[in-house]
Amino acid sequence: MTPADGFRLIEHTADMGIEARAASREEVVEEMVRGLAVLIFGRSPVASRVTTKIEVRAEDPVELLVSCLNEVVYWSEQGHMVPAALRIQSINDGELLATVSGEPFDPERHSMEREVKSVTYHQACLDEIPGGWYARVYVDL
Amino acid sequence: MTVKVQQIDPCRWRIPRTGAMRTEGLVFASAKMMKDLQREQALEQVCNVATLPGIVGPSMAMPDIHWGYGFPIGGVAAFDADEGVVSPGGVGYDINCGVRLLRSNLEAEAIRPQIGRLADALFHNVPSGVGSSRRDFKLSIQEEACVLVRGAAWAVQQGFGDTADLERIEGHGTIAGADPEMVSERAFERGRAQLGTLGSGNHFLEIQQVEVIYDAEAAAVLGLHPGQVTVSIHTGSRGFGYQVCDDYLKIMLRAARKYGITLPDRQLCCAPLQSDEARSYLAAMACAANFAFANRQMITGWVRETFERVLSKGPSDLRLGVIYDVCHNIAKWEDHRVNGRQRRLCVHRKGATRAFPPGHAEIPAAYREIGQPVLIPGDMGRYSYVLTGTAGAYDETFGSTCHGAGRVMSRHAAKKAARGHDLIGELAASGTLVRAAGRATVAEEMPEAYKDVADVVEVVQQAGIGHAVARLKPMAVIKG
């Protein structure tokens, strides 16, 4: 984790995880998306030139987090997009409305580090902790 | 958390029943492997699988066991048809990830001068890496539905190989019961762009030479001899399978609640085999498995085309024939004798390979005397193995054995260890050319990141759940 990051990539024997801490539920989910982008594309600079809306419904906060991150994986994979940021408009325990922004993958400027098969439910969490929020997922690579 | 294990013999460890476990755990490993395993969560995952309803026999792990999601990688678990469950997490995201081995009429020394050209041409012709596809290949939705139902047979019909190939694929390259109606639009969409692609990560295409023969008679039956060129293809169902798994995990999370199944890990979510949710999943899983069979068949077609063009030889000179094609992420309906009684079981193999014994009706007639070929890829610097299935595996592990080397180093640790090394240069110096879409993949997939697959095979042999036939050394590796 660099001082500017609210997320950290975590070790796993075969794959990788992402964890984040932030002051609010919105921010912690936004940080998780930043972590996901770094996990897939490394730290190449990305502009927010294209945006799309993301709408997720789930039965609980963990499913909401995993589904939101998988929406970003899908958007990135299908559109050959590099995500720059997620901005949440509204979030509760079962519903999330957000905008993801980024730009088309350009091999001259971006590097592709890893292919994500999916964000998993294994030890996934989205919890309120003293002073803020904590989230964690493991990603199948 | 340290999981209590009891050593049964030099390669078997029992995990006694505790807490909610319905059965004990059985892990195949050497003492050194077990020491390493206690440092991660794979053994806890063996215990977690043992809590699932209707499990028959122990919750097992093969010697390439490592920490997975829900199930450990290397996990094998069988469930009773009436009282058991099916769990998408017990199959994994890459449904029917598997390995195909091709033989050839070529000798390694004869093609060595052209190995660079062959590697370059394969790298160009077989789409690898993230987001790759062949511009000259497009699939309509209707055609994609045919792929899902017919698997490798669809690809053969399209000119990727011939019907003789189908005889030497697990289940003839088509899993029955596939229903495209059970698959989401999103899975269709992700699959359409990715059929006929290798992917990235640990997937590869490798030109190899037969380095050692352990069983000359079995090798002769398989058509293998020392110095011969072989080709291995390791890939699966790509984005199609990932999406099917993801879609059904959501359905199974609800199903587990609906049927009152307590889950120690959400990723183990499941539904009773007799439920609509389970039937739908198995029909969608079969679609993904068939997608993967078609994928490996198409890549086989491009491999043959590439060899013919680069070496200016015809198919009858090259004879790049399929030796076998195995799944190592799958759930299958199988009949097994348990405590003297024949039972219908749904066997989950998550990073484990079917290894049926000599004489089994599901083995191609040509191989029936030696047992089912089992293909065990190692890392890109060392070697891979060809084994055969045994009666021991059939009796003890529902006819299952290991699937590969298994990682020992995290990706971060591998990248750190690779720093300052010219991995591609070092591998070339030791006789393995590497062509890779991304340098990061090469570092993360460095040989040292994996267990020595020879240690895994040694445990398998010692335990009698696999029989070594040949060892193959990589000459050129195409990575995504």
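**Entry 1. Helices α10 and α11 of chain B**

I looked up which residues of α10(B) meet α11(B), taking contact as heavy atoms within 4.5 Å. From α10(B) the contributors are Arg238(B), Phe240(B), Gly241(B), Val244(B), Tyr248(B), Ile251(B), Met252(B), Ala255(B) and Lys258(B). From α11(B) they are Glu277(B), Ala278(B), Ser280(B), Tyr281(B), Ala284(B), Met285(B), Cys287(B), Ala288(B), Phe291(B) and Asn295(B). I sorted the residues of this contact into 13 nonpolar, three polar and three charged. For this I counted Ala, Val, Leu, Ile, Met, Phe, Trp, Tyr, Cys and Pro as nonpolar, Asp, Glu, Lys and Arg as charged, and the others, Gly among them, as polar.

The model is a predicted one, in which local features need pLDDT of at least 70 and side-chain atom pairs count only at pLDDT 80 or more, while totals for chains, interfaces and linings use all residues. Residues are numbered from 1 along each chain as its sequence is written, chains are lettered from A and ligands numbered from 1 in the order in which they are written, and side-chain values use heavy atoms, with hydrogens and water left out.

Helix α10(B), residues 238–258, packs against α11(B) at an angle of about 165°, and the axes are 10 Å apart. Axes are lines fitted to C-alpha atoms, for helices over the stretch in contact, and angles run from 0 to 180 degrees between N-to-C directions. The two helices are therefore roughly antiparallel, a term for angles over 145 degrees, against under 35 for roughly parallel, 65 to 115 for roughly perpendicular and the rest for oblique. I noted the crossing of α10(B) past α11(B) as left-handed, that is, with the near helix turned anticlockwise from the far one by less than a right angle.

Helices (H or I, at least four residues) and strands (E, at least two) are DSSP runs, numbered from the N terminus.

**Entry 2. Two positive phi values in chain B**

Most residues other than glycine have a negative phi. I found Ser312(B) with a positive phi, near 50°. Ser312(B) sits in the loop between α11 (276–311) and α12 (315–318) of chain B. Ser312(B) is exposed, at 65% relative accessible area; exposed means over 50%, buried under 20% and partly exposed in between (1.4 Å probe, protein chains only).

Arg319(B) also has a positive phi, near 45°, and belongs to the loop between α12 and β11 (322–327) of chain B. With a relative accessible area of 48%, Arg319(B) is partly exposed.

**Entry 3. A seven-stranded sheet in chain B**

I traced an open sheet of seven strands with mixed pairing, in the order β1-β2-β3-β4-β5-β13-β12 (chain B). Two strands pair if DSSP finds at least two bridges between them. The edge strands, each pairing on one side only, are β1 (6–9) and β12 (329–338) of chain B. Neighbouring strands are turned by 25° against each other on average, direction ignored.

Within this sheet, β2 (residues 12–15) and β3 (residues 25–28) of chain B run antiparallel and are joined by four bridges. Arg14(B) has Leu26(B) as its bridge partner in β3(B). Helix α2(B), residues 42–49, packs on the sheet and touches β2, β3, β4 and β5 (73–80) of chain B, its direction making about 165° with that of β4(B). Helix α17(B), residues 453–463, lies across β2, β3 and β4 of chain B at about 145° to β4(B).

**Entry 4. Ile65 and His66 of chain B**

Is Ile65(B) buried or exposed? I found Ile65(B), in strand β4 (residues 55–66) of chain B, to be buried, with a relative accessible area of 1%. Beyond four places in sequence, its contacts include Val27(B), Leu37(B), Ala42(B), Pro72(B) and Lys451(B).

His66(B) is in strand β4 of chain B as well and is buried at 7% relative accessibility. Not counting residues up to four places away in sequence, His66(B) touches Ala14(A), Glu40(B), Ala42(B), Gln45(B), Pro72(B), Ile73(B), Gly406(B) and Arg407(B).

**Entry 5. Strand β5 of chain A**

I checked β5(A), residues 95–104, and found seven of its ten residues buried, so the strand is largely enclosed by the rest of the structure. Strand β3(A), residues 50–57, pairs with β5(A) in the antiparallel sense over eight bridges, with Gly102(A) as the bridge partner of Val50(A). Strand β4(A), residues 81–91, pairs with β5(A) in the antiparallel sense over nine bridges, and Val82(A) has Glu103(A) as its bridge partner. β4(A) and β5(A) form a hairpin with three residues between them.
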